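Please read the points below with the sequence and the model side by side.

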Amino acid sequence: MDAGPGRSGNVIESPASPAGDTAAWARFEALYRASRDDVYAYVCTLLRDPAGAEDVTALAFERAFRRRRSFDRRRGEERAWLFGIARNAALDELRRRRRLATLLADPEAERAGNEDDGEVALRRTAVREALQRMSARDRELIALKFHAGLTNAELAKVLGVSESNAGTMLHRTIEKLRKACHANG
Amino acid sequence: MRTADEFPLDPAIVARLEAIDATLAGEPVDPAYAEVAELALLLSAERPQPRPEFAAELDAAVERRFRRAPGVSVPGPRGGGRARSWWANAWMASGGLAAALAAVIAAVIVIGGGGSPSGPPPRVLLPLRGAPLNGAASTAVGASAGASGSPAGRLGAAGGAKAAAPTTTTPGATRSAGTLATPGAARSSATPGAARSSATPGAANAPLAAPATFGPAGVQSVSPPANGRKTIQSAQLALITSPGRIDAVAQEAFGVIGAESGIVRHSTVTATGGSDGYAELQLSVPSGNLAQLMNRLSQLRYAHVGSRTDSSQDVNDQYLVDVRRLADARALRTSLLKRLATATTQAQVDGLRAQIRDAEASIASDEATLASLNKQVNLSQVDVTISAGAVPVGPPSPGPSGFTLGRAAHDAGRVLTVAAGVALIALAALVPTGLVVALVAWIALVLRRRGREQALDSV
């Protein structure tokens with residue numbers, strides 16, 4: 001199965017939904033194809049642990065698969081529903097890690113040596129460092145918007161806030177990040 | 001964080017957000033937002049990518065629809081799955097436990113009889129004796145059996161029985177009162193009979209569609225076996241019918257009594273059309289016909305049995321004593337007569353004649369006693385009362401199979417009533433349990449959500 005990047009940010013086109021397992025499965029499969037990498041990117045940014053992100057991503061899709069029949073379109077689009085599941089799984093993982101007091105690996109350090117040189121590399125490093133210093137809440141917003149490609153409406157659904165509230169939060173986070181980048185630069 | 005308030009965004013913020021969206025969508029952006037656009041691109045470039053091995057592994061798991069294949073490790077949480085499984089199992093167990101608890105409570109209540117849906121419905125038992133006879137309001141349609149045109153009088157003609165005497169209370173009735181249960185006791189003693197009758201075929205074949213627990217319709221005669229011994233039998237039967245059918249039931253009872261060669265010693269029928277309608281019959285019936293009479297009276301079409309008391313008293317020893325005393329008296333008289341025949345003096349003759357008179361008086365007394373005892377043994381005393389009360393409308397006589405549409409409908413209604421009662425009891429147990437479970441679930445959900453948010457803050 002080849003899962004595409006799915007960075008369009010649009011809601012996936014669900015097949016006609018006749019009752020039955022076939023339709024539910026087809027819808028889930030389409031959702032998986034469109035969202036696999038997005039979910040991983042979001043979870044990885046939130047956890048800052050690629051291995052943990054893989055586990056949580058797999059768990060999120062498995063949970064979504066088990067609950068695919070309970071999805072109610074009136075309560076939101078499938079992508080928001082899926083990211084809600086992924087968020088809960090990621091937060092559960094964070095709770096578990098907090099209990100176990102596990103030291104997290106720093107994935108950014110692993111990637112530090114692979115960057116280009118020059119101006120772009122400096123800017124990326126500044127952004128990366130600023131991102132590292134951000135709180136988990138801010139990092140989550142960045143991940144949902146820029147790594148998972150959610151629209152502001154979907155972002156609001158996932159976080160359980162209004163769309164305008166989500167826009168304000170996102171704007172504040174970007175401003176915070178921009179200032180942090182300037183401070184680093 | 002989780003506020004749902006809607007407020008208009010600052011147009012400048014909206015413009016910046018739109019510039020970000022345009023950048024991510026690859027569209028041109030106003031140079032005024034170049035910095036934000038660049039930041040968006042840099043952030044987007046920081047997007048982590050999954051390892052190809054993980055992507056392939058997850059693809060395979062999705063292809064398998066997350067079924068565990070032997071030898072294949074499905075990527076999953078380290079401990080999260082177990083935690084969820086434990087959570088789900090706990091909830092399933094608690095749900096099952098609550099349902100089982102409710103079922104047990106319902107069963108205990110039903111079996112214990114507290115509000116038993118299968119138990120007898122509350123009803124007012126009218127007094128078996130001494131029922132109020134409202135002379136002003138009532139219309140007496142029958143008086144004593146000796147009255148002309150009275151049911152008992154007609155019975156005497158129809159049944160060919162002996163003329164009934166319009167007496168009030170016979171010595172037999174007085175005598176049997178010692179062995180008969182009091183009215184109150186009769187009712188209580190009839191209760192087991194009701195339960196018993198539900199198991200007898202007679203109850204199943206009773207013409208009334210009334211449930212077996214409502215009245216011991218069709219109960220069999222309960223008396224010890226005679227085994228050739230002399231016994232005095234008596235019975236009391238309390239019938240309940242609808243207020244408008246007192247006279248009809250009484251008339252039907254008279255017919256049955258006549259058919260069984262019974263004698264109505266006393267009868268009073270007061271039909272008022274209301275709940276104070278009442279009929280009282282005092283009968284004598286050949287003891288051989290007692291069981292049949294009681295069974296037939298218990299199965300009258302428009303009445304059901306409120307209570308029934310069967311009594312018996314063994315008088316065999318007394319009978320033998322009386323017979324022996326009579327034989328002795330007769331032997332004494334024979335002996336005296338022989339001695340009289342051989343008497344030679346007037347004094348001897350006078351003395352023997354006096355003794356013979358005494359012996360004959362004793363014989364007469366013993367014969368009367370024996371005759372009375374024989375009469376009590378041969379004729380059983382029966383008291384029948386017919387009261388107005390709540391009674392299901394009697395359906396027409398059942399067919400040969402004993403199954404009618406009316407009875408089926410009644411049984412179906414009964415089954416539905418019992419089922420509804422059981423469901424109501426179960427609901428009464430389940431609703432509080434469900435509320436507690438829902439409250440606990442809600443609290444757990446809130447705590448879980450709060451814990452997740454706290455986990456986000458603590459990182």
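1. In chain A, residues 24 or more positions apart account for 69% of the contacts with a separation of 6 or more. Two residues are in contact if their C-beta atoms, placed from the backbone, lie within 7 Å. The model is predicted: local features need pLDDT of at least 70 and side-chain atom pairs count only at pLDDT 80 or more, while totals for chains, interfaces and linings use all residues. Residues are numbered from 1 along each chain as its sequence is written, and chains are lettered from A and ligands numbered from 1 in the order in which they are written.

2. Chain A has eight helices and zero strands, in the order α-α-α-α-α-α-α-α along the sequence. Helices (H or I, at least four residues) and strands (E, at least two) are DSSP runs, numbered from the N terminus. Of the 185 residues of chain A, 45% are buried. A residue counts as buried if 20 or more other C-beta atoms lie within 10 Å of its own, as exposed if 12 or fewer do, and as partly exposed in between, with C-beta atoms placed from the backbone.

3. Helix α1 (residues 21-47) of chain A packs with helix α6 (residues 136-147) of chain A at an angle of about 160 degrees, their axes being 9 Å apart. Axes are lines fitted to C-alpha atoms, for helices over the stretch in contact, and angles run from 0 to 180 degrees between N-to-C directions. α1(A) is therefore roughly antiparallel to α6(A), a term for angles over 145 degrees. On the side of α1(A), the contact is made by Ala41(A), Tyr42(A), Thr45(A) and Leu46(A); the residues from α6(A) include Arg139(A), Ile142(A) and His147(A). By class, this contact has seven nonpolar, two polar and two charged residues. Here Ala, Val, Leu, Ile, Met, Phe, Trp, Tyr, Cys and Pro count as nonpolar, Asp, Glu, Lys and Arg as charged, and the others, Gly among them, as polar.

4. α6(A) is mostly covered, with eleven of its twelve residues buried. Among them are Asp138(A), Glu140(A) and Lys145(A). Just after α6(A), Gly149(A) takes a positive phi of about 75 degrees.

5. Which residues other than glycine have a positive phi of about 60 degrees? Arg48(A) is one of them, and Ser261(B) is another. Most residues other than glycine have a negative phi. Arg48(A) sits in the loop between α1 and α2 (50-66) of chain A and is partly exposed because it has 19 C-beta neighbours inside 10 Å. Ser261(B) lies in the loop between α9 (246-259) and β3 (263-271) of chain B and is partly exposed, with 17 other C-beta atoms within 10 Å.

6. Chain B has 13 helices and six strands, and buried residues make up 29% of its 459 residues. In α13(B), the count of buried residues among 54 is four, namely Ile425(B), Ala429(B), Ala455(B) and Leu456(B). At 1.5 Å a residue, α13(B) should span 80 Å, which agrees with the 75 Å between its end C-alpha atoms; the expected span is 1.5 Å times one less than the number of residues.

7. As for the interface, 48 residues of chain B are in contact with 52 residues of chain A. The elements giving two or more residues to the side of chain B that touches chain A include α4 (80-112) and α13 (405-458) of chain B. That side divides into 28 nonpolar, nine polar and eleven charged residues.

Conventions: Parallel < 35°, antiparallel > 145°, perpendicular 65-115°, else oblique.
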